[in-house]
Amino acid sequence: MRRIAANYIFPVTGEPIKNGVITLEDDGTILRIGRLESEEEDTEFYNGILCPGFVNAHCHLELSHLQGRLQEATGMWGFISQIKSLRETTPREERIRAAEIQMENLYRQGVSAVADISNSEETFGIKTRSPLYSRTFIELFGSEPDKAEELLRQGVQKAGRATAQGLDASLAPHACYSMSVPLLEATVREGLKSGFLSCHNQESPEEEELSGRNTGKPSLLYFLDHLSRVHTPTVPGKINLVHNTVTGEESIDAALQILQEPYWTICPLSNIFIHRTLPPLNLMRAKGLDICLGTDSLSSNKCLCMAEEIKCLHINFPEIPLTEILKWACLNGAKALGKENELGSLEPGKKPGIVLVSHIDWSHFKLTPDSITKRII
Ligand SMILES: [Zn+2]
């Protein structure tokens with residue numbers, strides 16, 4: 001048994017507890033949470049906030065070798081062309097080592113689960129060995145309709161090899177603009193068999209302009225049209241819409257009507273890196289969306305740090321309380337991965353991991369530039 005206390009505990013499902021203490025079994029399962037009445041000998045005390053392990057709701061571990069290699073603020077087309085030209089320039093062993101280092105960092109900094117996009121199979125072994133839970137989305141793209149069948153076949157085989165290694169894995173479309181209609185619909189049909197789907201959504205103004213020109217509607221409405229052809233009248237499954245930088249009310253309302261369980265993942269630092277813009281968070285909050293937090297990849301971020309994403313939100317949306325942001329960073333991500341019975345909040349019976357967030361601005365209950373996160377359990 002272990003007793004861990006701190007200035008504040010943020011359980012996520014309840015109000016913050018001043019001088020809180022968590023009692024855990026040796027395997028990390030929470031037994032009790034309460035207020036520290038007297039300093040007992042066997043209690044470890046930390047300065048800062050204790051919260052549950054984070055869920056990084058969008059990441060591309062396999063792009064970790066691109067850290068520091070891409071130019072910022074190039075927009076979507078500039079970003080895609082840089083990725084294409086740099087992707088194969090690092091030897092395979094170095095790419096794998098870079099991903100492994102990042103997986104270890106994620107765990108040490110308190111991430112307990114990650115939704116990870118894979119094009120290649122290079123990160124399968126890393127994810128299998130890590131104590132951190134991952135769900136792998138095998139990402140497909142390709143704009144030539146003739147190639148859809150072959151791409152789907154290869155994707156299904158990759159997902160099968162991931163599953164054979166013990167990973168939770170299924171297919172996911174990259175984005176509407178990068179896929180032929182047959183590939184988009186086949187990927188969605190196959191991916192939804194797992195109960196999970198992920199898709200980059202409305203990431204850039206360029207994407208919305210392209211969709212407007214080609215289809216006459218926002219790209220999310222176009223995506224929903226195709227989802228509706230696969231499942232009608234509503235679409236089941238946990239559908240992780242990623243970025244949502246340029247989403248709007250019409251898109252959100254339509255998604256809420258058609259999708260049974262949408263999640264809206266934001267990757268603030270990545271959006272700033274590529275597009276110098278951020279999603280309409282106050283609209284998304286007003287609509288009551290289940291918002292999740294992700295880091296995206298090191299091709300468009302300087303580190304895979306949930307703390308840095310939270311700091312970015314503090315700076316750009318100072319009105320959003322830390323309790324709400326931690327719900328996005330922990331519980332909503334756990335729900336998006338179907339892991340909310342184990343992860344995402346500090347409650348008896350759960351085993352979410354415990355994270356210390358240090359250097360808190362206590363007068364505003366915010367992280368400071370010096371704040372770091374560290375896994376305690
Ligand atoms: Zn992404």
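Let's start with Asp116. This residue is buried, with a relative accessible area of 0%. Buried means under 20% relative accessible area, exposed means over 50%, and partly exposed lies in between, with a 1.4 Å probe and protein chains only.

A word on the model before I go on. It is a predicted model, where local features need pLDDT of at least 70, side-chain atom pairs count only at pLDDT 80 or more, and totals for chains, interfaces and linings use all residues. Residues are numbered from 1 along each chain as its sequence is written, and side-chain values use heavy atoms, with hydrogens and water left out.

Back to Asp116. Which side chain meets Asp116 in a salt bridge? The partner is Lys127, at 2.7 Å from N to O. A salt bridge here is a side-chain nitrogen of Lys or Arg within 4 Å of a carboxyl oxygen of Asp or Glu. Lys127 lies in helix H3 (residues 124-129) and Asp116 in strand E6 (residues 111-118), so the pair ties together parts that are 11 residues apart in sequence. Helices (H or I, at least four residues) and strands (E, at least two) are DSSP runs, numbered from the N terminus. Is Lys127 buried or exposed? Lys127 counts as buried, at 2% relative accessibility.

Now the other salt bridges. How many does the rule give? The count comes to 20 salt bridges. Take Lys193 and Glu190: their side chains meet at 3.0 Å, N to O. Lys193 counts as exposed, at 64% relative accessibility. Glu190 counts as partly exposed, at 25%. Next, Glu347 and Lys350. They form a salt bridge at 3.4 Å, N to O. Glu347 is partly exposed at 28% relative accessibility, while Lys350 is buried at 7%. There is also a network of salt bridges. It links Glu72, Arg276 and Lys302.

Next, the metal. Which residues coordinate the zinc ion? They are His58, His60 and His200, each through NE2, at 2.0 to 2.1 Å. Donors are N, O and S atoms within 2.8 Å of the metal (3.2 Å for Na, K and Ca); water is not among the atoms, so sites may look incomplete. Along the chain, the zinc donors follow the spacing H-x1-H-x139-H. His60 lies in the loop between strand E5 (54-59) and helix H1 (75-86), and His200 sits in strand E9 (residues 196-201), so this pair ties together parts that are 140 residues apart in sequence. Both His60 and His200 are buried.

Let's turn to two serines. Ser178 first. You'll find Ser178 in the loop between strand E8 (168-173) and helix H5 (181-192). Ser178 is buried, with a relative accessible area of 13%. Its side chain makes a polar contact of 2.7 Å with the side chain of His174. A polar contact is a pair of N or O atoms within 3.5 Å; within protein, one must be able to donate a hydrogen and the other to accept it, and residues adjacent in sequence count only if both atoms are side-chain atoms. Leaving aside neighbours within four places in sequence, Ser178 is in contact with Phe141, Gly142 and Ser143. Contact means heavy atoms within 4.5 Å.

Now Ser371. Its place is in the loop between strand E15 (366-367) and E16. Ser371 is buried too, with a relative accessible area of 1%. What lies 2.6 Å from a polar atom of the Ser371 side chain? That is the backbone oxygen of His359. The backbone nitrogen of Thr368 lies 2.8 Å from a polar atom of the Ser371 side chain. Not counting residues up to four places away in sequence, Ser371 touches Lys311, Ser358, His359 and Ile360.

Last topic: the domains. The protein is divided into domain 1 (2-51 + 360-375) and domain 2 (54-304). These bounds come from an automatic or database domain assignment. The C-alpha centres of domain 1 and domain 2 lie 33 Å apart. Their contact takes four residues from domain 1 and seven residues from domain 2.

How much area do domain 1 and domain 2 bury between them? About 440 Å², with 49% of it on carbon and sulfur atoms. Buried area is the accessible area (1.4 Å probe) that two parts lose on being put together, summed over both. In domain 1, Cys51, Thr373 and Arg375 lose the most area to domain 2, together 96% of what that side buries.

What joins the domains across this interface? The rule finds zero salt bridges between domain 1 and domain 2. It does find five residue pairs in polar contact, both at pLDDT 80 or more. Strand E16 (residues 373-375) gives the largest share of the domain 1 side that touches domain 2, three residues.
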